[in-house]
Amino acid sequence: MSDFDEFERQLSENKQGDSLNGHERDKENRHRRRSPSRSRSRERKRRSRERRSRERRSDSKDRRHRRSDQIQNQPQENVSRSPQREKKKKIKKYWDVPPPGFEHITPMQYKAMQAAGQIPATALLPTMTPDGLAVTPTPVPVVGSQMTRQARRLYVGNIPFGITEESMMDFFNAQMRLGGLTQAPGNPVLAVQINQDKNFAFLEFRSVDETTQAMAFDGIIFQGQSLKIRRPHDYQPLPGMSENPSVYVPGVVSTVVPDSIHKLFIGGLPNYLNDDQVKELLTSFGPLKAFNLVKDSATGLSKGYAFCEYVDVNINDQAIAGLNGMQLADKKLLVQRASVGAKNATMTSINETPVTLQVPGLMTNSMMQMGGIPTEVLCLMNMVAPEELLDDEEYEEIVEDVKEECSKYGQVKSIEIPRPVDGLDIPGTGKIFVEFTSVYDSQKAMQGLTGRKFANRVVVTKYCDPDAYHRRDFW
């Protein structure tokens with residue numbers, strides 16, 4: 001190759017290099033001219049993204065605050081366990097919803113009633129017809145239905161003469177409300193049927209539970225009459241439901257004495273004593289919870305024995321000690337726990353001096369003579385308790401009170417009221433001995449004091465041997 005050709009080749013390569021360098025410079029210059037614009041665009045986009053991100057975070061935070069405020073304002077039982085999502089409580093339309101009329105019956109009791117045939121095993125719910133009418137193929141029995149009617153009725157005996165059905169219904173509705181025994185608004189007694197000829201009535205209640213609770217009114221006084229409340233003869237207990245009331249109404253003495261260790265037997269009662277007179281004797285030791293004077297169904301006369309239970313079972317022993325062996329008219333009382341067995345008891349263990357009890361309204365001369373041979377010394381019992389004689393001032397007040405009252409029947413010669421002493425068994429503690437100047441005055445005092453009340457106790461009297469009295473033999 002010649003030198004000329006070599007020169008041309010180098011010249012051509014230099015031009016190409018200059019051309020490429022020029023393109024690169026132009027491209028770089030264009031890039032430099034566009035670079036500030038793109039940079040500003042990217043900056044604006046970045047700021048826009050940051051602004052939207054901040055707004056989204058702010059909105060999310062506000063929503064969380066609003067949800068937290070709503071949860072705090074809701075009742076505690078409706079608070080969702082999830083802090084992020086609140087679940088809406090589903091309304092139960094069929095589960096745990098009691099059938100109409102059985103709201104107060106547990107599912108187990110309802111199932112037991114179904115098994116016993118008291119309630120149909122299948123109760124069809126109302127269905128809708130194409131016309132929009134509700135059709136119930138088999139109606140669900142309500143509380144007032146015939147199926148539970150026998151368990152919702154009560155027999156009421158010894159009702160006041162001439163009483164009306166309306167007044168009896170008002171009386172029991174009022175007593176149920178006062179005693180807090182109603183289970184729903186409205187009147188618990190639906191109907192009353194009275195048989196004036198035989199002096200009894202039937203009450204029909206709206207629910208089985210209220211019927212059972214109403215049996216607590218057995219023995220309640222209505223217009224001067226002690227009502228006798230019982231289940232009807234066709235009554236059949238419903239499975240799983242209690243047959244006895246779960247409440248005790250203060251002041252009401254039931255005519256049914258349930259079998260228990262607290263049930264007392266009172267035998268040897270004169271046949272002519274009525275319920276009120278026997279209860280007056282028993283209540284001298286404390287209020288009664290239940291009392292029943294057993295009577296002949298044909299004649300209605302007393303059979304001479306009764307059963308009772310005290311509200312305070314702790315006074316049973318005191319009542320037995322005070323009444324057992326008491327001389328009542330021509331008979332001697334036998335008082336013991338009914339669980340011992342009245343037929344197996346004997347009277348040989350009773351060695352106490354006969355006691356004359358005069359029930360108000362029954363004071364006759366023959367009964368007055370049952371206290372033994374009249375003497376000038378009269379023994380007053382059931383007036384004071386040993387603990388009431390411990391205080392000197394109280395003791396002196398009792399002595400003055402007894403002396404003042406006994407002086408109304410004659411001249412009092414002396415009074416002895418034995419007081420308890422720690423560690424010693426003092427004879428006659430709890431008894432009051434009054435010595436008159438004459439037997440006649442003593443007889444007048446017995447007639448006037450027997451059966452009266454002293455410190456809310458019924459006074460019991462008997463004559464005492466004067467020689468034993470002067471020897472201070474107060475047994």
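Strand S10 is joined to strand S11 (residues 302-310) by 6 bridges, and the two run antiparallel; strands here are DSSP runs of E of at least two residues, helices are runs of H or I of at least four, both numbered from the N terminus, and two strands pair if DSSP finds at least two bridges between them. Within this pairing, Phe291 stands opposite Cys308 in S11. The model is a predicted one, in which local features need pLDDT of at least 70 and side-chain atom pairs count only at pLDDT 80 or more, while totals for chains, interfaces and linings use all residues. Residues are numbered from 1 along each chain as its sequence is written, and side-chain values use heavy atoms, with hydrogens and water left out.

S10 and S11 belong to an open sheet of 4 strands, ordered S10-S11-S9-S14, with antiparallel pairing. Its edges are formed by strand S10 (288-295) and strand S14 (334-337), each of which pairs on one side only. From one strand to the next the twist averages 20°, where axes are lines fitted to C-alpha atoms, for helices over the stretch in contact, and angles between N-to-C directions run from 0 to 180 degrees. Helix H5 (residues 275-282) packs on this sheet, touching strand S9 (264-267), S10 and S11, and its direction makes about 140° with that of S10; contact means heavy atoms within 4.5 Å. Helix H6 (residues 316-323) also packs on the sheet, where it touches S9, S11 and S14, and its direction makes about 160° with that of S14.

A pocket is an open set of points on a 1 Å grid over the protein atoms alone, where a 1.4 Å probe fits, with protein on both sides within 12 Å along at least five of seven lines, and lining residues have an atom within 4 Å of a point. The lining comprises 25 residues, of which Asn158, Lys228, Thr255, Asp275 and Lys295 lie nearest the centre, and S10 gives the largest share, 5 residues.

Elsewhere, strand S4 (residues 189-195) and strand S5 (residues 200-205) pair in the antiparallel sense over 6 bridges, with Gln193 opposite Phe202 in S5. These two strands form a hairpin with 4 residues between them, and Asn199 in the turn has a positive phi of about 60°.
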